Amino acid sequence: MKFTGTDSYVATEDLMVAVNAAITLERPLLIKGEPGTGKTVLAFEVAKALGANLITWHIKSTTKAQQGLYEYDAVSRLRDSQLGDDRVHDISNYIVRGKLWNSFTATERPVLLIDEIDKADIEFPNDLLLELDRMEFYVYETRETIKAAQRPIVMITSNNEKELPDAFLRRCFFHYIKFPDRDTMQQIVDVHFPGIQKELVREALNVFYDIREVPGLKKKPSTSELLDWLKLLMSEDIPADVLREKDPKKLIPPLHGALLKNEQDVHLFERLAFLARRERT
């Protein structure tokens, strides 16, 4: 079965090709792109489209690669030994399985999402090279090798906060999710808000793409932020005419907190509004 998108996720042709190529090659799919472009959601949609179970491993700055394999709970074993618990005689009772272990031993081929891999230490990707390549690892405490019965579909997201090692990149199929053009964005809006007023969407998209083109903007608004903004516009029943106004006093769009996420960008628009007013006087 090939991935062709879902009724709740608009996938471009090049994205569908990348997903299906990674599945065919049995390589991890490394996905990069601006925050808010649907990298994480893609794994959920691929799992749904293929009828597969999704196993998610959200990476933090403190996450270690070993945690994805397993962890040995020595503290619990020591406590149980002090209490005279018979469980201490079987060390496997204190082996906590990680996300990779669960994906390797799943009865049906799952989708494994390693989310935001660039948040971890720079050595994190290198520490997973062998396991992702051979799809097996050794448990020293129980002296057993855990090998994948079938290779999971591995999807890895990155926000480009750190450069990933070349050795790791060689083992992945790479795809960069480009920011949606206006036509694709229209399709995305239609999927999330069927029946929305076309005029409101048209004017909202004009404002949205104009904001993204403003020089000096620290953080450009993303797809998810546009959807939040549209939801607020409909909730507050703001007409399209308000978005169409070119009054310099109203250069900052209504409910701009959904689009502009730091004081630097808000101040930038305030300065632009001030300069526009001065030019008119």
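I started with helix 11 and listed its buried residues: T223, E225, L226, L227, W229, L230 and L233. Buried here means under 20% relative accessible area, exposed means over 50%, and partly exposed lies in between (1.4 Å probe, protein chains only). Helices are DSSP runs of H or I with at least four residues, strands are runs of E with at least two, and both are numbered from the N terminus.

I noted the ground rules next. The model is predicted, so local features need pLDDT of at least 70 and side-chain atom pairs count only at pLDDT 80 or more, while totals for chains, interfaces and linings use all residues. Residues are numbered from 1 along each chain as its sequence is written, and side-chain values use heavy atoms, with hydrogens and water left out.

**Helix 11**

What do the buried residues of helix 11 pack against? I found helix 9 (182-192), helix 10 and helix 12 (240-244). Contact means heavy atoms within 4.5 Å. The expected span is 1.5 Å times one less than the number of residues. Just after helix 11, I saw that D237 has a positive phi of about 55 degrees.

**Helix 10**

I then checked helix 10, residues 198-212. Its 15 residues reach 21 Å from first C-alpha to last, close to the 21 Å expected. Its buried residues include L200, V201, L205, F208 and Y209. E203 and R212 are buried too.

**L272**

I looked up L272 in helix 13 (residues 263-280). Is L272 buried or partly exposed? L272 counts as partly exposed because its relative accessibility is 33%.

**Whole chain**

I counted 13 helices and 9 strands in the protein chain. Of its 281 residues, 44% are buried. The radius of gyration is 24 Å, whereas a compact globule of 281 residues would have one near 19 Å. That radius is taken over C-alpha atoms, and the globule rule is 2.2 Å times the number of residues to the power 0.38. The C-alpha atoms fill a box of roughly 85 × 45 × 35 Å along the principal axes. Among contacts with a separation of 6 or more, 74% join residues 24 or more positions apart.
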